[in-house]
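Here are my notes on the model you asked me to look over. Have it open while you read, and follow along point by point.

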Amino acid sequence: MKNLVIVESPAKAKTIEKYLGKDFHVLSSVGHIRSIVKTGKDGTPPIDVANDFFAVYEVDPGEEESYH
């Protein structure tokens with residue numbers, strides 16, 4: 001079974017796959033599809049340091065179809 005790594009660009013995917021070897025399959029998303037929010041809905045920070053660095057994301061505008 002291979003491990004999956006997803007990176008932003010196709011060129012990075014090819015390069016990284018060479019370094020990681022045959023146990024990894026590297027794909028590219030061809031751009032960002034989601035980002036960490038600026039602040040949580042209740043005004044809290046988007047990254048919860050006390051909870052294993054849990055992050056809150058939002059789908060970037062115009063990328064809704066790519067996310068599914």
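The points below go from the ground rules to the overall layout and then to single residues.

1. **Ground rules.** This is a predicted model, so to speak of a local feature pLDDT has to be at least 70, side-chain atom pairs count only at pLDDT 80 or more, and totals for chains, interfaces and linings use all residues. Residues are numbered from 1 along each chain as its sequence is written, and side-chain values use heavy atoms, with hydrogens and water left out.

2. **Layout of the chain.** The protein chain has 2 helices and 6 strands. Here helices (H or I, at least four residues) and strands (E, at least two) are DSSP runs, numbered from the N terminus. Reading from the N terminus, the order is β-α-β-β-β-β-β-α.

3. **Surface and burial.** The protein chain has 68 residues, and 13% of them are buried. Buried means under 20% relative accessible area, exposed means over 50%, and partly exposed is in between (1.4 Å probe, protein chains only). The accessible surface of the protein chain is about 5800 Å², and carbon and sulfur atoms hold 57% of that. Those areas come from the Shrake-Rupley method with a 1.4 Å probe, and for residues only the protein chains shown count as cover.

4. **Contacts along the sequence.** Take the contacts in the protein chain with a separation of 6 or more: 19% of them join residues 24 or more positions apart. Contact means heavy atoms within 4.5 Å.

5. **The β1/β2 pair.** Which way do strands β1 and β2 pair, parallel or antiparallel? Strand β1 (residues 3–7) and strand β2 (residues 24–28) pair in the parallel sense, over 5 bridges. To count as a pair, two strands need at least two bridges found by DSSP. Between the two, the chain passes through α1, and this β-α-β crossover is right-handed. Right-handed means that, with the strands pointing away from the viewer, the path from the first strand over the helix to the second runs clockwise.

6. **Thr15 on the helix.** Thr15 belongs to helix α1 (residues 10–20). Its relative accessibility is 40%, so Thr15 counts as partly exposed. From Thr15 to Val26 is 11 residues in sequence and 9.2 Å in space, C-alpha to C-alpha.

7. Not counting residues up to four places away in sequence, Leu4 touches His25 and Leu27. Phe24 is 20 residues from Leu4 in sequence, yet their C-alpha atoms are 5.9 Å apart.

8. **Asp52 and Phe53.** Have a look at the loop between β4 (47–48) and β5 (54–55), where you will find Phe53. Asp52 lies in that loop between β4 and β5 too. Phi of Asp52 is near 55 degrees, a positive value in a residue other than glycine. Phe53 is not a glycine either, and has a positive phi of about 60 degrees. Asp52 is exposed because its relative accessible area is 72%; Phe53, at 55% relative accessibility, also counts as exposed. Leaving aside neighbours within four places in sequence, Phe53 is in contact with Ile47 and Asp48.

9. **A nonpolar patch.** Which residues make the nonpolar surface patch? Ile36, Ile47, Val49, Phe53 and Tyr57 do, and the patch is about 470 Å². Patches are built from residues with over 30% relative accessible area and no salt bridge, joining like charges within 9 Å and nonpolar side chains (Val, Leu, Ile, Met, Phe, Trp, Tyr) within 5 Å. A salt bridge here is a side-chain nitrogen of Lys or Arg within 4 Å of a carboxyl oxygen of Asp or Glu.

10. **Pro45.** Pro45 lies in the loop between β3 (34–36) and β4. With a relative accessible area of 61%, Pro45 is exposed. Its C-alpha atom is separated by 8.9 Å from that of Val56, 11 residues apart along the chain.
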